[in-house]
Amino acid sequence: METTLLLPHGTLRALPACRKPARETNSGLLRWSYKPKYSSLVVAVMVRPKETSRGTMAVAVAVAEEEEKKVYRDNWFDRLAIRYLSKSIQETSGIRNEKDGYESLIEVASVVSRSFDAKRQREVVIQSLRNAFPSFMLTMIKILLPPSKFSKEYFAAFTTMFFSWLVGPCEVRESEFQGRTEKNVVYIPKCRFLESTNCVGMCTNMCKIPCQKFIQDSLGMPVNMVPNFEDMSCEMIFGQQPPEDDPALKQPCYHTLCRAKQMHGINCST
């Protein structure tokens, strides 16, 4: 009885010589026929084992992370505000891009983080915020709303209504201050900026520290932003000074997810 071996192309050298020539089948395999001593029919198919590597696994993990990200549906006001802030940072930093929407904002922030040191990154954001708002408006708010229970609650409510395009959906929460309850905390379940960058350095240098300083200096309201790098949530506590020894500034960056490391190969850990 004839024995048939089905082999991948390129493995002929491993076979002993035989009298009948090989011919290629429709599947791309080679059929080699010869008369063995055995009476049974044997069919063997050789398949190259799948190869995996750390690079392949990393790509798979990154794709999975991207798929789990929240999809934001920006309305006309959101798109206008995003474009306005992005253009302000581009003009201040001198770094341009042709992207649109929130991706444009993330792109310019990423390039700024790559191009400048931490101090300069903060200065760029602060100047961009000052350029984005008329100075007379900031002065008026500072005069009319000095730090008080009312102003702290006003800033918290205003942030949730008009800045969700920047940080994602958020809500006002209560806190205790000198034995009384105040609605002065903005809770962000998952920060849009941190989720988009996956970068601790960009969170602290291009959001937390410059925003705290801008709100304190331009609006006269102290605020402490407390990011949670485990679940990407954040709290903005109006009326509270940031601690001198801020734990957020000691947080190492995400090793596998950081956008700055993936795109630019830089170490953004603070």
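## Cavity

One cavity of 30 Å³ or more is found in a search of the whole structure, where a cavity is a set of points, on a 1 Å grid over the protein atoms alone, at which a 1.4 Å probe fits but cannot get out. The structure is a predicted model, in which local features need pLDDT of at least 70 and side-chain atom pairs count only at pLDDT 80 or more, while totals for chains, interfaces and linings use all residues. Residues are numbered from 1 along each chain as its sequence is written, and side-chain values use heavy atoms, with hydrogens and water left out.

The largest cavity has a volume of about 80 Å³, a volume being the space filled by probe spheres set on the grid points, which are joined across faces, edges and corners. Its lining (residues with an atom within 4 Å of a point) includes V167, I188, C191, F193, K208 and S233. Elements that give two or more residues to this lining are α8 (192–197), α9, β6 (223–228) and β7; helices (H or I, at least four residues) and strands (E, at least two) are DSSP runs numbered from the N terminus. Helix α9 gives the most, with three residues. By class, the lining of the largest cavity has 10 nonpolar, one polar and one charged residues; Ala, Val, Leu, Ile, Met, Phe, Trp, Tyr, Cys and Pro count as nonpolar, Asp, Glu, Lys and Arg as charged, and the others, Gly among them, as polar.

## Largest pocket

The largest pocket holds about 940 Å³ of space, a pocket being an open set of points with protein on both sides within 12 Å along at least five of seven lines. Its lining comprises 35 residues, of which L129, F133, F163, W165 and F214 lie nearest the centre. Among the elements that give two or more residues to this lining are α2, α3 (101–115), α4 (118–132), α6, α9 (200–219) and β7 (233–238). The lining has 34 nonpolar residues, one polar residue and no charged residues.

## Aromatic pairs

The whole structure contains 10 aromatic pairs. Rings of Phe, Tyr and Trp (its six-membered ring) pair if their centres lie within 6.5 Å; planes under 30 degrees apart count as stacked, over 60 as edge-to-face and the rest as tilted. The ring centres of F77 and F162 are 6.3 Å apart and the planes meet at 70°, so this pair is edge-to-face. Because F77 lies in helix α2 (residues 76–93) and F162 in helix α6 (residues 149–162), the pair ties together parts that are 85 residues apart in sequence.

F162 also forms a tilted pair with F158, at 4.7 Å centre to centre and 35° between the planes. Both F158 and F162 lie in helix α6, four residues apart, about one turn of the helix. F77 is partly exposed at a relative accessible area of 32%, as are F162 at 35% and F158 at 30% (buried is under 20%, exposed over 50%, partly exposed in between, with a 1.4 Å probe and protein chains only). Ring pairs link W76, F77, F150, Y154, F155, F158, F162, F163, W165 and F238 into a cluster.

## Charges over rings

The charged end of K152 sits over the ring of F177, 3.9 Å from its centre. R192 places its charged end over the ring of Y102, 3.9 Å from the centre of that ring. The criterion is NZ of Lys or CZ of Arg within 6 Å of the ring centre and within 35 degrees of the ring normal.

## Hairpin

Strands β4 (residues 171–177) and β5 (residues 180–188) pair in the antiparallel sense over six bridges; pairing requires that DSSP finds at least two bridges between two strands. E171 stands opposite Y187 in β5. The two strands form a hairpin with two residues between them, and Q178 in the turn has a positive phi of about 50°.
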